[in-house]
Amino acid sequence: MSDTLDSLEARAPEQRERELMAALPGLIARAQGAPGWARILAGVDAATIDSRAALAQLPVTRKSDLKLLQQGALPFGGLNTTPAQALSRVFVSPGPIFDPEGKGADWWRFARPMYAAGVRAGGLLQNCFSYHFTPAAFMVEGGAARIGCTVIPAGSGQTEMQVQAMVDLKPDTYIGTPSFLKLIIEKAREMGADISSVKRAVMGAEALPESLRSWFAANGVPHVFQTYASADIGSIAYETASAGQLDAGMVLDENVLLEIVHPGSGTPVAPGEVGEVVVTVFNADYPLIRFATGDMSAVLTDTPATTSGRTNTRIKGWLGRADQTTKVRAMFVHPSQVHEIAKRHPEIRKARLVVSGRMANDEMTLHCEVADPLDDSGVEAIIASIRELTKLRGSVQLVPIGSLAQDGKIIADMRDYS
């Protein structure tokens, strides 16, 4: 049984680099046919963008820019080369930000991380990513179809039903967030249910601390693999294993050209230095060129060869955010949403969203500077605005005028990742 999904993963690094650079001019030229990219790449001669040095001279487009870009008349900010009516799906993320999905097989390139985790034809997966508005569940569906395995479209929530489905159908693999699998295992223990068929988990959308990975191993799920993906890009990188042991870091997807840059700029950092993840994605429907994710990572240098046969660049994985956009319970929360909450409630002079707690037990509290105390109805109105704008539950803490630090922070991530 091959350890790699296809021969692309086993290319010599020099061959991969040549082929990526050779494909760049065509990607740039195709992108310039879309009105959004035509504006961003105005004056660029696509034929000359055939090296990393040339690519580094192009402007960076940031994930945080998408909301503003999409406020005009053009769907997807004019970054799509396939017309909206010819797409397969359109997803809505908080912001709102709209993300397209084309009609190609395994469009999100999610078969690679699933295959690297040991998912094979004939397997049965319990897909616990949400099917509601966001694309993660459909990334799994596309990957499963390519590999040839069966999916239980479980979605998120309804923990008792999740347990019962595992008892009755005996899936071998869980796919979803780490925190939700923890809840399922705890619920199964409470119900006295046997879900021991699940030996493998493919996880994403949240950080996976080593303490939680160890907890899964101690509670019957020894094979846990983390993925790194986003709603705009699809698969970026993923964990692999050799001889039963996790390899260092995460290996890049074959359709992603990675740069690590100084946060807030487009200047590449030195090899091995921590910086912001910027990717160029070879996608015929939705090309992304120097797209800054807002995530921090670093390229691993001097990594040993792996028996899995994958030769692509490896990164350390997710090392935090370059901006204040924060992911809470698999949903992004943007500073602009905090501003909008405060704008709706004039009694709030200043606001800061504090995210605290431990993995699987995130707590979100909006600290509000107010001149006068609010009654219960006033507080409940703010809580309702939090839920409406972020799609997450949060509490409110009222504080005196001038008590919040003057450090420019709108969102403070105080979670314990140990």
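Q: Among contacts in the chain between residues at least 6 apart in sequence, what percentage join residues at least 24 apart?
A: Keep in mind that this is a predicted model. The tally takes contacts between residues at least 6 apart in sequence and asks which of them join residues at least 24 apart. That share comes to 65%.

Q: In which sense do strand 1 and strand 15 pair?
A: Strands of a sheet pair through backbone hydrogen bonds, either parallel or antiparallel. Here Arg62 has Ala292 in strand 15 as its bridge partner. Over two bridges, the sense of the pairing between strand 1 and strand 15 is parallel.

Q: How many residues lie between strand 14 and strand 15 in their hairpin?
A: Strand 14 (residues 275–281) is joined to strand 13 by six bridges, antiparallel, with Ile260 partnered by Val277. Strand 14 also runs antiparallel to strand 15, joined by five bridges, and Val281 stands opposite Leu288 there. The number of residues between strand 14 and strand 15 in the hairpin is six.

Q: How many of the ten residues of strand 15 are buried?
A: One of the residues found in strand 15 (residues 288–297) is Asp295, which is buried at a relative accessible area of 8%. Strand 15 is largely enclosed by the rest of the structure. The count of buried residues in strand 15 is ten of the ten.

Q: Which residues does Asp295 touch, not counting residues up to four places away in sequence?
A: Asp295 has a relative accessible area of 8%, under the 20% limit, so it counts as buried. Its contacts are Tyr228, Gly275, Glu276, Val277, Trp318, Gly320 and Arg321.

Q: Is Arg16 buried or exposed?
A: Arg16 is found in helix 1 (residues 13–31). Leaving aside its neighbours within four places in sequence, its contacts include Glu9, Glu254 and Asn312. At 3% relative accessibility, Arg16 counts as buried.

Q: Which residue takes a positive phi just after helix 6?
A: Helix 6 (residues 136–147) reaches 17 Å from its first C-alpha to its last, close to the 16 Å expected. Its buried residues include Phe138, Met139 and Ile147. Just after helix 6, a positive phi of about 100° belongs to Gly148.

Q: Which strands does helix 11 touch?
A: There is another open sheet of four strands, in the order 21-20-19-22, with mixed pairing. Strand 21 (395–399) and strand 22 (411–413) each have a single partner strand, so they stand at its edges. Neighbouring strands of this sheet are turned by 25° against each other on average, direction ignored. Helix 11 (residues 376–390) packs on the sheet and touches strand 20 (361–369) and strand 21.

Q: Which residue in strand 22 stands opposite Leu353?
A: Strand 19 (residues 350–358) and strand 22 run parallel, joined by three bridges. In strand 22, the residue opposite Leu353 is Ile411.

Q: How far apart in space are Asp416 and Glu17, C-alpha to C-alpha?
A: Asp416 lies in the segment after strand 22 and counts as partly exposed, at 31% relative accessibility. Asp416 and Glu17 are 399 residues apart in sequence. In space, C-alpha to C-alpha, they are apart by 38 Å.

Terms used
Residues numbered from 1 in each chain as written. Predicted model: local features only at pLDDT ≥ 70, side-chain atom pairs only at ≥ 80, totals over all residues. Heavy atoms only, no water. Pairing = 2+ DSSP bridges. Axes fitted to C-alpha atoms, helices over the stretch in contact; angles between N-to-C directions. Contact = heavy atoms within 4.5 Å. Expected span 1.5 Å × (residues − 1). Buried < 20%, exposed > 50% of the residue type's maximum accessible area, 1.4 Å probe, protein only.
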